[in-house]
Amino acid sequence: MAEQTNANKYDMLKLENQMCFPLYAASREVVKRYRPYLDPLGLTYTQYIAMMVFWEQKECSVKELGEKLYLDSGTLTPVLKSLETKGYVRRYRCAKDERVLLVEVTEEGEKLRERAAEVPVQVGSCVRFSPEEAKQLYELLYKLLGALQ
């Protein structure tokens, strides 16, 4: 009987019983699907999602960007440096508060938006979900993110 109890004790350590594993694996696979479409743009996935924020907002602080992307400044700094080197964004200190680092999209960065416009459609064709399933997954993932905050 003790052997059965020990076996049950370790059931939660089985990979098949972990919610985090399919989430992790699916995330990696989806991001991998972006590569053929982002490589011609010279962007990594993280650079791409940062640019999506800049295309929408035009300017934001590094702190705001980190909150939107669920990334820390240590991860964002090399991403922003690379985007700035490519001429897509410009970083500068806030005039009202020198501690705040602002980032704005450049004209070159705006031009990139046109080239990137088809990426969501191209990647979406790789994932065969009905619109209802996609919406449900989207809502569940954001519910999970909210619960983890």
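Lys58 is placed in the loop between α3 (45-57) and β1 (59-61), where helices (H or I, at least four residues) and strands (E, at least two) are DSSP runs numbered from the N terminus. The structure is a predicted model, in which local features need pLDDT of at least 70, side-chain atom pairs count only at pLDDT 80 or more, and totals for chains, interfaces and linings use all residues. Residues are numbered from 1 along each chain as its sequence is written, and side-chain values use heavy atoms, with hydrogens and water left out.

Lys58 counts as partly exposed because its relative accessibility is 36%; buried means under 20% relative accessible area, exposed over 50%, and partly exposed in between (1.4 Å probe, protein chains only). Leaving aside residues up to four places away in sequence, Lys58 touches Val53, Val103, Glu104, Val105, Glu110 and Arg113, a contact being heavy atoms within 4.5 Å. Val103 is 45 residues from Lys58 along the chain, and the C-alpha atoms of the two are separated by 8.4 Å. A polar atom of the Lys58 side chain lies 2.9 Å from the backbone oxygen of Trp55.

Gln47 is located in helix α3. With a relative accessibility of 6%, Gln47 counts as buried. Its contacts, not counting residues up to four places away in sequence, are Gly42, Val79, Ser82, Leu83 and Lys86.

The largest pocket has a volume of about 1,900 Å³. On a 1 Å grid over the protein atoms alone, a pocket is an open set of points with protein on both sides within 12 Å along at least five of seven lines, and lining residues have an atom within 4 Å of a point. Grid points are joined across faces, edges and corners, and the volume is the space filled by probe spheres set on the points. The largest pocket is lined by 42 residues, of which Tyr34, Tyr45, Tyr138, Leu141 and Tyr142 are the closest to its centre. At least two lining residues come from each of α2 (20-38), α3, α4 (62-69), α6 (107-116), α7 (119-124) and α8 (131-148), and α8 gives the most, with 10 residues.

The count of disulfides is zero, a disulfide being a pair of cysteine sulfur atoms within 2.5 Å. For Cys94, the closest cysteine sulfur is that of Cys60, at 13 Å, which is too far for a bond. Cys94 counts as buried at 17% relative accessibility, whereas Cys20 counts as partly exposed at 48%.

Definitions and conventions: A polar contact is a pair of N or O atoms within 3.5 Å; within protein, one must be able to donate a hydrogen and the other to accept it, and residues adjacent in sequence count only if both atoms are side-chain atoms. On a 1 Å grid over the protein atoms alone, a cavity is a set of points where a 1.4 Å probe fits but cannot get out, and a pocket is an open set with protein on both sides within 12 Å along at least five of seven lines; lining residues have an atom within 4 Å of a point.
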